[in-house]
Every structure is written in structure tokens, then in C-alpha cells.
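These notes are meant for a colleague who is opening the structure for the first time. Please keep the sequence and the 3D view at hand while reading the points below.

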Amino acid sequence: MNKKELVASVAQKKGISLKEAEVALDGVLEAITDALHQGESVLLVGFGTFAVKERAARTVYNPVTKKKMQYPAKRVVRFKAGAKLEIVTGK
């Protein structure tokens with residue numbers, strides 16, 4: 001499902017226009033993005049948690065050139081499924 005299909009689904013389920021659904025979805029995504037940029041986690045009870053984690057620097061091996069390369073440490077976004085999604089995914 002892409003964004004356009006998601007907006008259409010929300011509009012249909014909630015009985016609102018496509019434009020209203022798109023504005024609402026954009027607002028939610030912007031709020032989540034802003035919180036993650038500030039280092040906060042976002043907990044949506046039953047759905048899941050978005051959080052920023054530190055990934056340590058590591059040495060990797062390139063099988064083509066047979067050389068070792070160093071990957072720097074970086075921050076990445078993690079998502080942990082909540083109870084409602086775990087039922088769907090079978091975990």
C-alpha cells in the first residue's frame with residue numbers, strides 16, 4: 001500500500017474527504033518525524049513504538065575488493081510492533 005492508497009483508505013473508513021485525510025496523515029507523519037529528530041521515542045499504544053537508536057561503528061569486509069572498510073557510527077530509526085500488530089505478524 002502506498003501513501004495515496006493509505007489516504008483513500010483512511011478517507012473511506014472515517015467518512016472524510018481525500019484532502020482532509022491527506023492533511024491528517026501528513027500531520028501525523030510530520031509530528032513523528034519531528035519527535036524522532038529531537039531524540040524522543042513515539043509510543044502508539046497497541047500499534048508500536050518508533051525510537052532512535054545508536055548503531056556502533058563497525059568493520060565490514062567487501063567480498064569484491066577483498067578489503068576491510070570501516071562503517072562509522074550513526075543514528076537509525078527502529079520500530080517495535082505493538083500488541084495489535086503482533087497478532088497480524090504472528091509473533
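1. Strand β1 (residues 42–44) and strand β2 (residues 48–55) pair in the antiparallel sense over three bridges, where two strands pair if DSSP finds at least two bridges between them. Helices (H or I, at least four residues) and strands (E, at least two) are DSSP runs, numbered from the N terminus.

2. On the source: this is a predicted model, in which local features need pLDDT of at least 70 and side-chain atom pairs count only at pLDDT 80 or more, while totals for chains, interfaces and linings use all residues. Residues are numbered from 1 along each chain as its sequence is written, and side-chain values use heavy atoms, with hydrogens and water left out.

3. β1 and β2 form a hairpin with three residues between them, and Gly-46 in the turn has a positive phi of about 85°. Thr-49 also has a bridge partner in β5, namely Lys-80, and there β2 and strand β5 (residues 74–81) pair in the antiparallel sense over eight bridges.

4. Leu-44 lies in strand β1 and is partly exposed, because its relative accessible area is 34%; buried means under 20% relative accessible area, exposed over 50%, and partly exposed in between (1.4 Å probe, protein chains only). Although Leu-44 and Gly-82 are 38 residues apart in sequence, they are 7.9 Å apart in space, C-alpha to C-alpha.

5. Which residues line the largest pocket? Leu-44 is one of them, together with Leu-25, Val-28, Leu-29, Ile-32, Phe-47 and Phe-50, and the pocket has a volume of about 300 Å³. On a 1 Å grid over the protein atoms alone, a pocket is an open set of points where a 1.4 Å probe fits, with protein on both sides within 12 Å along at least five of seven lines, and lining residues have an atom within 4 Å of a point. Helix α2 (residues 18–37) gives the most to this lining, with four residues, and by class the lining has seven nonpolar, no polar and no charged residues.

6. Ile-32 and Phe-50 belong as well to the largest nonpolar core, which has five residues in all and also includes Ala-35, Leu-36 and Val-42; such a core is a set of buried Ala, Val, Leu, Ile, Met, Phe, Trp, Tyr and Cys residues joined through side-chain atoms within 4.5 Å. The largest share of this core, three residues, comes from α2. Leaving aside its neighbours within four places in sequence, Ile-32 is in contact (heavy atoms within 4.5 Å) with Val-42 and Phe-50.

7. A second hairpin deserves a separate look. β3 and β4 pair in the antiparallel sense over five bridges, with Lys-68 in β4 as the bridge partner of Tyr-61. β4 is hardly covered, the count of buried residues among its five residues being zero.

8. What is the phi of Lys-66? Lys-66, in the loop between β3 and β4, has a phi near 60°, a positive value in a residue other than glycine. Most residues other than glycine have a negative phi. Lys-66 counts as exposed because its relative accessibility is 59%.

9. Val-64 is found in the loop between β3 (58–62) and β4 (67–71), and Val-64 counts as exposed because its relative accessibility is 72%. Val-64 and Ala-24 are 40 residues apart in sequence and 47 Å apart in space, C-alpha to C-alpha.

Note on methods
Grid points are joined across faces, edges and corners, and a volume is the space filled by probe spheres set on the points. Ala, Val, Leu, Ile, Met, Phe, Trp, Tyr, Cys and Pro count as nonpolar, Asp, Glu, Lys and Arg as charged, and the others, Gly among them, as polar.
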